[in-house]
Every structure is written in C-alpha cells, then in structure tokens.
Amino acid sequence: MSDTCIFCKIAKGDIPARKVHEDEEFLAFHDISPAAPVHLLLIPRHHIVSMAEVTQKDAGWLGRMMILASRLAEENGCRPGPEGGFRLVANAGADGGQEVPHLHFHILGGARPWQGRM
Ligand code: 5GP
Ligand code: ZN
C-alpha cells in the first residue's frame with residue numbers, strides 16, 4: 001500500500017470507483033475516462049508499480065490476473081469468439097505512456113477505435 005497511490009486508495013475504498021469485480025487479490029472497475037465502449041481497469045490489491053518491475057516470483061498472481069481479465073471482458077460486454085474479443089493493455093513507465101504508477105491492465109472492447117494504428 002502506498003499512501004499517495006490513487007489505485008491503492010480505490011482498492012482500500014477511500015476513493016470511489018464503479019467496481020465490477022472484487023476479491024482478496026484483485027479489483028476491477030470502470031476507467032474514469034473510457035477509450036472504448038468497454039474500458040475496465042484490473043489491478044492487484046498490493047502495490048507494485050508496473051510490468052517493468054515483475055519477476056519470476058510474481059508469476060502466480062500475474063497468471064491469475066490474466067485469466068481473470070479474460071473472464072471479466074466477457075462478463076462485461078466484450079463479445080465472445082473470434083469476431084468479438086478485447087484488448088489487454090499494460091502500459092509501463094513514461095515511454096509506455098503509464099500515468100498511474102500502480103500496475104494495471106486495461107481491458108478494452110466493444111469497438112475497434114485502434115484499428116489501423118497498432
Ligand atoms: P495509464 O495511462 O497509467 O496506463 O492509465 C491510467 C488510467 O487510469 C487512465 O485510462 C485513466 O483514465 C484512469 N484513471 C485515472 N484516475 C482514475 C480514477 O481516479 N478513477 C478511475 N476509475 N480511473 C482513473
Ligand atoms: Zn498503489
């Protein structure tokens with residue numbers, strides 16, 4: 001837990017968020033400024049800055065987080081199957097465009113605003 005981290009504050013309940021999932025390890029909520037019809041943020045409850053910091057010891061919870069992301073995408077409006085789908089984005093560091101320094105996955109779906117760009 002970091003005293004100054006927005007996402008730690010959301011995880012603690014000190015800042016409100018539109019939560020879609022909560023368990024002992026993870027929290028998922030709607031992005032405050034959605035970039036797609038479905039735009040969720042999935043975070044671990046414990047404070048870790050980014051994917052640039054992870055090591056082998058993080059493999060277990062990271063694997064569970066990726067599997068949860070896939071489930072949450074489908075439960076929250078991303079169409080299933082090859083004609084639907086979603087994007088899973090993890091920005092890391094300044095060159096990665098990361099603004100909030102608490103590791104998070106963006107789950108984006110419901111449209112293809114990125115088509116042709118990446
Ligand atoms: P990053 O650029 O760090 O990968 O993404 C941070 C994301 O967090 C942005 O998409 C931004 O809209 C979202 N965000 C920033 N502050 C808040 C907040 O207080 N509540 C919620 N729900 N989303 C936030
Ligand atoms: Zn944090």
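1. Two residues are in contact if their C-beta atoms, placed from the backbone, lie within 7 Å. By that rule, His104 touches Phe7, Leu41, Leu42 and Ile43, leaving out residues up to four places away in sequence. Keep this rule in mind for the contacts below.

2. A word on the model and its numbering. This is a predicted model, in which local features need pLDDT of at least 70 and side-chain atom pairs count only at pLDDT 80 or more, while totals for chains, interfaces and linings use all residues. Residues are numbered from 1 along each chain as its sequence is written, and chains are lettered from A and ligands numbered from 1 in the order in which they are written.

3. Look at His104 again. It sits in the loop between strand S4 (86–89) and strand S5. Helices (H or I, at least four residues) and strands (E, at least two) are DSSP runs, numbered from the N terminus. Is His104 buried or exposed? His104 counts as buried because it has 24 C-beta neighbours inside 10 Å. The cut-offs are these: buried means 20 or more other C-beta atoms within 10 Å of the residue's own, exposed means 12 or fewer, and partly exposed lies in between, with C-beta atoms placed from the backbone. The UniProt annotation "active site", from an unreviewed entry, covers His104. UniProt positions are given in the numbering used here, feature names are shortened, and annotations may be inferred rather than shown by experiment.

4. Next, the core. The largest nonpolar core has 22 residues. Such a core is a set of buried Ala, Val, Leu, Ile, Met, Phe, Trp, Tyr and Cys residues joined through C-beta atoms within 7 Å. Ala28, Leu40, Leu42, Ile43 and Ile107 have the most contacts inside this core. Which elements each supply at least two of its residues? They are helix H1 (6–12), strand S2 (26–30), strand S3 (38–44), helix H2 (59–75) and strand S5 (105–109). S3 gives the largest share, five residues.

5. Six of its seven residues are buried, so S3 is largely enclosed by the rest of the structure. S3 pairs with S2 in the antiparallel sense over five bridges. It also pairs with S5, again antiparallel and over five bridges. Two strands pair if DSSP finds at least two bridges between them. His30 stands opposite Leu40 in S3. The bridge partner of His39 in S5 is Leu108. Leu42 touches residues including Phe26, Ala28, Met65, His104 and Ile107, not counting those up to four places away in sequence.

6. Ala11 lies in helix H1 and is buried, with 22 other C-beta atoms within 10 Å. Beyond four places in sequence, Ala11 is in contact with Leu27, Ile43 and Arg45. Asp31 is in the loop between S2 and S3. Asp31 is partly exposed, with 17 other C-beta atoms within 10 Å. Asp31 and Ile107 are 76 residues apart in sequence and 9.4 Å apart in space, C-alpha to C-alpha. Gly13 is in the loop between H1 and strand S1 (19–22). Gly13 counts as exposed, with 11 C-beta neighbours inside 10 Å.

7. Last, the ligand. How many residues surround ligand 1? There are 14, and the closest are Ile32, Ser33, Asn91, Glu99 and Val100. A residue is near a molecule if its C-beta atom, placed from the backbone, lies within 6 Å of it.
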